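Here is a short briefing on one protein model. Look over the sequence and the structure first, then read the points below.

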Amino acid sequence: MKRLFPIGHVMGFIFSLVLTLVALLVVYTDMSYAMGMTILVSTAIIQATVQLFMFMHVNESKEDKNTVISNILYAVVVSVITIFGSMWTLLWDW
């Protein structure tokens, strides 16, 4: 059944805004480093999950689930290599 109003996209957008506001509150309030980082990392993981499922339609693919998971893992590995390679180059002057 085709819906005329994309309620899932609107709810995902509102949820993303709430998660962003939570992250901003962590930055602007005075809390311990460990608690702040725990909240920031958890909101980042939830935010990435919301983006993948609500806006990038990971669960609507006709491909095999193993292919989708391997594509996501490949993207994570490339991202981590890019981030740490950039930090290595910029911070340690290699």
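**G12 and its surroundings**

G12 touches V50, M54 and F55, not counting residues up to four places away in sequence; contact means heavy atoms within 4.5 Å. The model is predicted: local features need pLDDT of at least 70, side-chain atom pairs count only at pLDDT 80 or more, and totals for chains, interfaces and linings use all residues. Residues are numbered from 1 along each chain as its sequence is written, and side-chain values use heavy atoms, with hydrogens and water left out.

**More on G12**
- G12 sits in helix α1; helices are DSSP runs of H or I with at least four residues, numbered from the N terminus.
- G12 is buried, with a relative accessible area of 2%.
- Buried means under 20% relative accessible area, exposed means over 50%, and partly exposed lies in between (1.4 Å probe, protein chains only).
- The C-alpha atoms of G12 and K62 are separated by 22 Å, and these residues are 50 apart along the chain.

**S16**
- S16 also has its place in helix α1.
- S16 is buried, with a relative accessible area of 8%.
- Leaving aside neighbours within four places in sequence, S16 is in contact with Q47, V50, Q51 and F55.

**Helix α1 as a whole**
- Helix α1 covers residues 7-28, which is 22 residues.
- At 1.5 Å a residue, α1 should span 32 Å, and its end C-alpha atoms are 31 Å apart, which agrees. The expected span is 1.5 Å times one less than the number of residues.
- Which residues of α1 are buried? They are G12, S16, L19 and V26.
- Seen down the axis of α1, the buried residues fall within an arc of 75°, so they line one face of the helix. The arc is that of the directions from the helix axis to the C-beta atoms.
- The buried residues of α1 pack against α2 (33-55).
- On the other side of α1, L21, L25 and Y28 are exposed.

**The largest pocket**
- About 190 Å³ of space lies in the largest pocket. A volume is the space filled by probe spheres set on the grid points, which are joined across faces, edges and corners.
- A pocket is an open set of points on a 1 Å grid over the protein atoms alone, where a 1.4 Å probe fits, with protein on both sides within 12 Å along at least five of seven lines; lining residues have an atom within 4 Å of a point.
- The lining includes R3, F5, H9, F53 and M54.
- α1 gives the largest share of the lining, 3 residues.

Technical notes: Helix = DSSP H or I, 4+ residues; strand = E, 2+ residues; numbered from the N terminus.
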